[in-house]
Amino acid sequence: MFNIILFVIIIDVIIALNRDVNTFSNYHEIQIQKLHIEWLLDLNQKIINGTAEYNFNVIKNNIKEIHLDIYQLNIIIVYDYATGTVFQHVIENMGEQSLKQGDRLKIYLPKSYNNGDQVKLRIKYGVTDKARALSFMTKEQTESKVLPYLYSYCQDNNCRSMIPLQDTPSIKQYFSALVLVKDPRIKVYMTGNLLEGQPFKRMNTYSESLTEYHISLDIKIPSYLLAIVAGNLEQRKVGNQQTSRSYVITEPTSIDRVAQELEFLQEYVDALSNYIGPYAWGDYKIVILPPSFPLGGMEHPLLTFASPTIIVGDKSGVGTAIHEIAHSWVGNTVTCSDWANMWINEGFCTFLERKILEQYNGEDYSKMYSFLANDTMFQQMARYGMDHSYSSLHPNTTGENPDDSQSEVPYNKGYQLLVYIEQLIGKDNFQKMLQQYIIQFKWQSIDEDIFYRYLLSWISTNLGKDHASIKEIKTIYKEWVYVPGKPPRQLDFHTDAYDKAMALAKAWLDNKGDKVPDNAEEYRNYIYYQKQQFLNEIASKYADMTDKNYKLIDQTYQLSDQKDSRLLYRWLIGCLRGKFYDRMEVIKNFMGTHGARSWLVNMYETLFKDKPEVAREWFAEFRDFYHPSVVDALENGIFKNSIRKIVQ
């Protein structure tokens, strides 16, 4: 009770501050209205020569400085491109924050500016492979082995490592780009539309012949949604060739397989539109990236990124695609104002994803998915500590890289809050409320309190001031958001499908590997999330497993040979926990060919406990394959103070 009272007391203080703690910019005084970049890519040397052009709107009086976020950028010059006047600048080193969140670029303006004024300037700068948003890959690291490759990942606050900007979801800006490459075979895609012709004039003079890509987005977006992918790429329309506006992009060696797996993309866009409202972004495009991509997916407008692990062969991985499409409404259209409010993006998106999955696969599928995600969330809460703010829907990321707070909590604790509200006001009413929510806050960045006030207002206006749900929402909402640990109301996601998976796991655990259980063949007919639950239970009960058991289960289901990376991970993490090392080559190969951050952190953490030298050796071997954000998580987590002598 004391914790609840304490959190309620500080809620008003947090709301009053209403400022993103993970930016060093002065966005509350002056704000980027439009950003245009010119990049010369050198994928072989792993560098980018960049020039950024800014239009700022001043929103306070007597503004004499502009503060931008940067991370490991080489700032060359800041100048007024109309007059050529050079602006003085300094890079303010943020001490211990420098490698966590970067530094502050402080630009001194030649005069004071007041509310309503505009400031225009350019910054010339250089980007290297120190940029933790960027993954430069040699051609040997790609599937087609033809050209070097580049892709970005900016969420949460990594965009500052490739562009100086106000790196906060509170600020949305128009975006355009002119990207130049030396090799005409390299195809480039960025957040936005690829334009015909050459509408943008070069800001710099180059001696060599270059291929140009002109990109523009006429809808404002926050920095974390900026993205680039460049390499040996092919784009193909999927679905009805006359009516579809959906495309897949990947290396030519995979395009047929990817296009077949994602042939119903337009159907998913339409299904979400039917539930939540019109799709506002024009085309929908998804890029299947190399396996080092550290997430399942990332929702950049007109350029969703996804891991190749979703290409399974049976379309069971399309939930990730549906989740990222759903971000077109919740995240990209209505956006969280800071990373303490990430559930405003992810909780809503998870709700929409499971609505559509239920339409396609039935209630058992959606419930099993929710049950498993809930279980994973509780495990992560236990790791943080049930009283830690990262176990709440409002994590305190002051002085921390907000990437470190990423977990299932904003997805599933947020999802459960929305499901509970839906139960209180009814499915039809909840759908209407969400549709109006998107309209009312379109293109805005908001926090949990804005949604809370909107929700109560909507119910009062449409269902009546005395509607029973109002009292309950006022009772539980702030506690659900701010108090760490389990939600104040527990939802039931139990199904018969869950019972069957648990019964099969128990049968295997009970027989200690002496024989194959009578009900063993059930597994082959399970839906995906039943298989996942079975493997999760085996992995969690590793203390009751024997080597004989591991061997017989593997022989029966050929688990070490399966193609679905999501299930293979759950089998292999169980083997590591149970110290079943007969499959060490499979485990090593998996860790050297998959880049998912959460998987790698768990696997290295488990391996390090029993075989620290092996963990160090494998990390040193695979380090160049991993995305910089994964390297950062491992070096500053599991391997802190112990890995440097190996990788230096």
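1. Axes are lines fitted to C-alpha atoms, for helices over the stretch in contact, and angles run from 0 to 180 degrees between N-to-C directions. Helices (H or I, at least four residues) and strands (E, at least two) are DSSP runs, numbered from the N terminus. The model is predicted: local features need pLDDT of at least 70, side-chain atom pairs count only at pLDDT 80 or more, and totals for chains, interfaces and linings use all residues. Residues are numbered from 1 along each chain as its sequence is written, and side-chain values use heavy atoms, with hydrogens and water left out.

2. Helix H11 (residues 496-511) and helix H12 (residues 528-540) have axes that come within 9 Å and cross at roughly 35°. The crossing of H11 with H12 is right-handed, a term used where the near helix is turned clockwise from the far one by less than a right angle. On the H11 side, the contact (heavy atoms within 4.5 Å) is made by Ala497, Tyr498, Lys500, Ala501, Met502, Leu504, Ala505, Trp508 and Leu509. H12 contributes Gln530, Gln533, Phe534, Glu537 and Ile538. These residues divide into ten nonpolar, two polar and two charged; Ala, Val, Leu, Ile, Met, Phe, Trp, Tyr, Cys and Pro count as nonpolar, Asp, Glu, Lys and Arg as charged, and the others, Gly among them, as polar.

3. Ser316 is placed in the loop between strand E19 (304-306) and helix H4 (318-326). With a relative accessible area of 13%, Ser316 is buried; buried means under 20% relative accessible area, exposed over 50%, and partly exposed in between (1.4 Å probe, protein chains only). The side chain of Ser316 makes polar contacts with the side chain of Asp314 (2.7 Å) and with the side chain of Arg566 (2.8 Å). A polar contact is a pair of N or O atoms within 3.5 Å; within protein, one must be able to donate a hydrogen and the other to accept it, and residues adjacent in sequence count only if both atoms are side-chain atoms. Neighbours within four places in sequence aside, Ser316 is in contact with Glu261, Tyr365, Tyr528, Asp564 and Arg566.

4. Strands of a sheet pair through backbone hydrogen bonds, either parallel or antiparallel. An open sheet of three strands runs in the order E3-E6-E5, with antiparallel pairing. Strand E3 (63-70) and strand E5 (89-92) stand at the edges; each has a single partner strand, so one side of each is left without a neighbour in the sheet. From one strand to the next, the twist averages 25°. E5 pairs with strand E6 (residues 103-113) over four bridges, where two strands pair if DSSP finds at least two bridges between them. Ile91 stands opposite Leu105 in E6.

5. Strand E10 (residues 173-181) is largely enclosed by the rest of the structure, because eight of its nine residues are buried. With strand E1 (residues 30-42), E10 pairs in the parallel sense over eight bridges, and Leu40 stands opposite Leu180 in E10. With strand E13 (residues 211-221), E10 pairs in the antiparallel sense over eight bridges; Val181 stands opposite Thr211 in E13.

6. Ile439 lies in helix H8 (residues 427-440) and is exposed, with a relative accessible area of 60%. Ile439 and Leu35 are 404 residues apart along the chain, and their C-alpha atoms are separated by 26 Å.

7. Helix H18 (residues 628-635) is mostly covered, with six of its eight residues buried. The buried residues of H18 are Ser629, Val630, Val631, Ala633, Leu634 and Glu635.
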